[in-house]
Amino acid sequence: MEWLEQILSSNSVFKLSTFVEYWGGLTQTVQLVFLSLVIGLLLSFPLALMRSSDNPYLSRPVWLFTYVFRGTPLIVQLYLIYYGSSFTLQDTFLWPVFKEAFYPALIAFVLNTAAYTTEILRGAIVTTPRGEIEAAKAYGMSWWKRTHRIIVPSAFRRALPAYSNEVIFMLHASAIASTVTILDLTGAAYNIYSRYYAPFEAFIFVAFVYLLISFSIIYLFKHLENKMMAHMKPAEAK
Amino acid sequence: MIEYLFDFHGYGPSIFKGAIITIEVGFLSLILALLLGLLGASAKLSNNPVSRGVGTLYTTIIRGVPDLVLMMLIYFGGQVLINNFTDWLFVQFEIDIFINIDQFVAGVIAIGFIFGAYMTETFRGAFLAVDKGQIEAGYAYGMSKWQVFTRVMFPQMMRHALPGLGNNWLVMLKTTALVSVIGLADMVRLATEASKAVHQPFKFFIPVVLVYLALTTVSEWFIKTMERRYSTGVVKG
């Protein structure tokens, strides 16, 4: 522990209070990203099924949703929801929820990641090999049964590499939460920069934290892919 | 009603100007990113281990860190570097100047630098996709290195690179909105200010949304046209 004390006392920026602030930022970032990804993923399954349906009344509205949310910057969506809610919901019962920036940010992130994930899943769903669907039909499976037993699991496995990119993208995009007063990792870095006027220390440190999280996510997804795609690997030579 | 809808309280022209700034930042960063991408790809594909290492470091770090953090680092850090330099000038030569880092320049450099890393990966993959035999055939015809590059390598590489380039451009166009955070008066920042002043966020953000949608739609159409052009003579399965 002595070396830690030495480091902490040898410079003016990285004191204990600084690390506490970064830690608070880390928990905010992780919470925000994790919640948006989980809710967004849950939303995107039904949306992707609607989007790949032959019925235009189902697929068109979802197309419009993904078109708008993928065609505009996340920061604009965030501002629209954040400022929009503060001007319109102030006198309603929803205000206690929307008063904190966390929930408008969460809503913006959820909708954004749901839009991207829907398109990723749709791409995987429409490329499901015909034989798999025909086999399921031949077994007499109903639409619901073959969707949740055959099509969705098989599509999700194929969508995994693209989805891991979306997860990284979401982690990086979450930095803009700091622009609506949320003290996430970037917000903490900005505060530390302005307190000590030390841009390099503050931002390079936080860059490494993000880099570390990114690498861990990539590692986790590689592991998951190996596990879920085990049956696709070429047989080992004996 | 119609008059109410189009009453922008005098902010209309300034938001239009902001849209122009968005487009300017987008194009200038695109040029920088393309140059850095070509440079990075040739570094990553070269036989020199040092340049390969630098290229790998560049793409790994940039793609692992949020755009906003890099932009803040370049903007705020650049100001400190410039201040140190002017201080040094004053101490050494008694030249007293003060340079403020320009948000436009910082934004373009940051975005160009970030997307240079993504372009590097796109170009690298595209160069690798060009058939080696074609390049050898070019040399066999007695073409110089430059001729092989411009006549054989580049046109074919572009075909493989275009989908990736188009994708990068679409992402980049949306990333330009981040320059509003470091204070550049682009469309997003002006809309924020106007909606705070007039208390009508939807009135100013919905036009911004529409402009972005229009820009992405036009871009997508243009990319499709280019792809068709560079794929002449390729039979699709």
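Predicted model: local features only at pLDDT ≥ 70, side-chain atom pairs only at ≥ 80, totals over all residues.
Local features require pLDDT of at least 70 and side-chain atom pairs count only at pLDDT 80 or more, whereas totals for chains, interfaces and linings use all residues. Residues are numbered from 1 along each chain as its sequence is written, and chains are lettered from A in the order in which they are written.

The contact between the chains takes 29 residues from chain A and 28 residues from chain B, two residues being in contact if their C-beta atoms, placed from the backbone, lie within 7 Å. On the side of chain A that touches chain B, the elements giving two or more residues are α3 (56-71), α4 (74-88), α9 (185-196) and α10 (199-228); helices are DSSP runs (H or I, at least four residues) numbered from the N terminus. The most is given by α10(A), with 10 residues. By class, this side of chain A has 22 nonpolar, 7 polar and no charged residues (Ala, Val, Leu, Ile, Met, Phe, Trp, Tyr, Cys and Pro count as nonpolar, Asp, Glu, Lys and Arg as charged, and the others, Gly among them, as polar).

Within chain A, the axes of helix α2 (residues 16-51) and α9(A) come within 7 Å and cross at roughly 155°. Axes are lines fitted to C-alpha atoms, for helices over the stretch in contact, with angles from 0 to 180 degrees between N-to-C directions. The crossing angle makes α2(A) roughly antiparallel to α9(A) (angles under 35 degrees count as roughly parallel, over 145 as roughly antiparallel, 65 to 115 as roughly perpendicular and the rest as oblique). Residues of this contact include A:Glu21, A:Tyr22 and A:Leu26 of α2(A) and A:Asn191 and A:Ile192 of α9(A). They divide into 5 nonpolar, 6 polar and 1 charged.

In chain B, the axes of helices α4 (residues 67-93) and α5 (residues 103-129) come within 9 Å and cross at roughly 135°, which makes α4(B) oblique to α5(B). Among the residues that meet are B:Asp67, B:Leu70 and B:Ile74 in α4(B) and B:Ile109 and B:Ile114 in α5(B). The contact has 8 nonpolar, 2 polar and 1 charged residues.

Helix α9 (residues 201-230) of chain B has 30 residues and reaches 43 Å from its first C-alpha to its last, close to the expected 44 Å (1.5 Å times one less than the number of residues). Buried residues in α9(B) include B:Phe204, B:Val208 and B:Leu215. A residue is buried if 20 or more other C-beta atoms lie within 10 Å of its own, exposed if 12 or fewer, and partly exposed in between. A:Ala138, in helix α7 (residues 130-138) of chain A, counts as exposed because it has 8 C-beta neighbours inside 10 Å.
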